[in-house]
Amino acid sequence: MRLEYFQLIDRITALNLAEKTINTEAIVPAESTIFEGHFPGYPLMPGVLLIESMAQTAGWLVVALNKFERMPFLAALKEVKLRTFVQPGARLSLSGRLLHDGSGFAVTEAQGTVEGKTVCEAEITFRVTPFPNSEFRRFMTEFADRVAFPKEAVANG
């Protein structure tokens, strides 16, 4: 997890296009400047970054289902629940599932757990559009390699 770059997913651990599901993993850094202010003497992963972690997880599913031809952009959140604190060093397991896709939008649900305990969950809506430019698409392709995106899953579909 690279908080300062908003790269919150370390790796994709499972992707099932038939079931429209994804699992990812992220290790919350033991130290980060984020924790200097959130909170001094009691560092916690900010809730907004837990939400972003869920959005990135579900977003990779949308990218996969669109075979790297379209990009999801966060559009709406519903039923967001932050159930408990996440501390530095925690292993965050995230999952996402597509609920609906159509009319340029994708609706997903996502959740995060630490040691099997649910820490966050949300329904996330994305606006799905073509990549804005080739440079951005290239960045996403390169980033996909870093998070172990299973490109073979979308190669022949």
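The legends below describe close-up views of a predicted model. Local features need pLDDT of at least 70 and side-chain atom pairs count only at pLDDT 80 or more, while totals for chains, interfaces and linings use all residues. Residues are numbered from 1 along each chain as its sequence is written, and side-chain values use heavy atoms, with hydrogens and water left out.

View 1. Six strands form an open sheet in the order β1-β2-β4-β5-β6-β3, with antiparallel pairing. β1 and β3 stand at the edges with a single partner strand each, so one side of each has no neighbour in the sheet. Neighbouring strands are turned by 25 degrees against each other on average, direction ignored; the axes are lines fitted to C-alpha atoms, for helices over the stretch in contact, and angles run from 0 to 180 degrees between N-to-C directions. Strands (E, at least two residues) and helices (H or I, at least four) are DSSP runs numbered from the N terminus, and two strands pair if DSSP finds at least two bridges between them.

**View 2. The pairing of β2 with β4.** β2 and β4 are joined in the antiparallel sense over seven bridges. Alanine 26 has leucine 92 of β4 as its bridge partner. Strands of a sheet pair through backbone hydrogen bonds, either parallel or antiparallel.

**View 3. The largest nonpolar core.** This core has 46 residues, and those with the most contacts inside it are Met45, Met54, Trp60, Phe68, Val86 and Phe149. At least two core residues come from each of β1 (11–16), β2 (21–27), α2 (47–65), β4 (91–102), β5 (105–114), β6 (117–130) and α3 (134–146). The largest share, 11 residues, is that of α2. A nonpolar core is a set of buried Ala, Val, Leu, Ile, Met, Phe, Trp, Tyr and Cys residues joined through side-chain atoms within 4.5 Å. Buried means under 20% relative accessible area, exposed over 50%, and partly exposed in between (1.4 Å probe, protein chains only).

**View 4. The surroundings of phenylalanine 68.** Residues up to four places away in sequence are not counted here. Phenylalanine 68 touches Trp60, Val63, Phe131, Arg137, Met140, Thr141, Ala144 and Phe149. Contact means heavy atoms within 4.5 Å.

View 5. α2 has 19 residues and reaches 27 Å from its first C-alpha to its last, close to the 27 Å expected at 1.5 Å a residue. The expected span is 1.5 Å times one less than the number of residues. Of the 19 residues of α2, 15 are buried, so the helix is largely enclosed by the rest of the structure. Lysine 67, which follows α2, has a positive phi near 50 degrees.

View 6. The peptide bond from histidine 38 to phenylalanine 39 is cis, with omega near 0 degrees. Phenylalanine 39 belongs to the loop between α1 (34–37) and α2. Glutamate 79, in strand β3 (residues 70–82), has a positive phi near 50 degrees although it is a residue other than glycine. Glutamate 79 counts as exposed at 56% relative accessibility.

View 7. Glutamate 115 is in the loop between β5 and β6. Its phi is positive, about 50 degrees, and glutamate 115 is exposed, with a relative accessible area of 81%. Threonine 84 is in the loop between β3 and β4 and is partly exposed at 28%. Leaving aside neighbours within four places in sequence, threonine 84 is in contact with Lys117, Thr118 and Val119. Threonine 84 and cysteine 120 are 36 residues apart in sequence and 7.6 Å apart in space, C-alpha to C-alpha.
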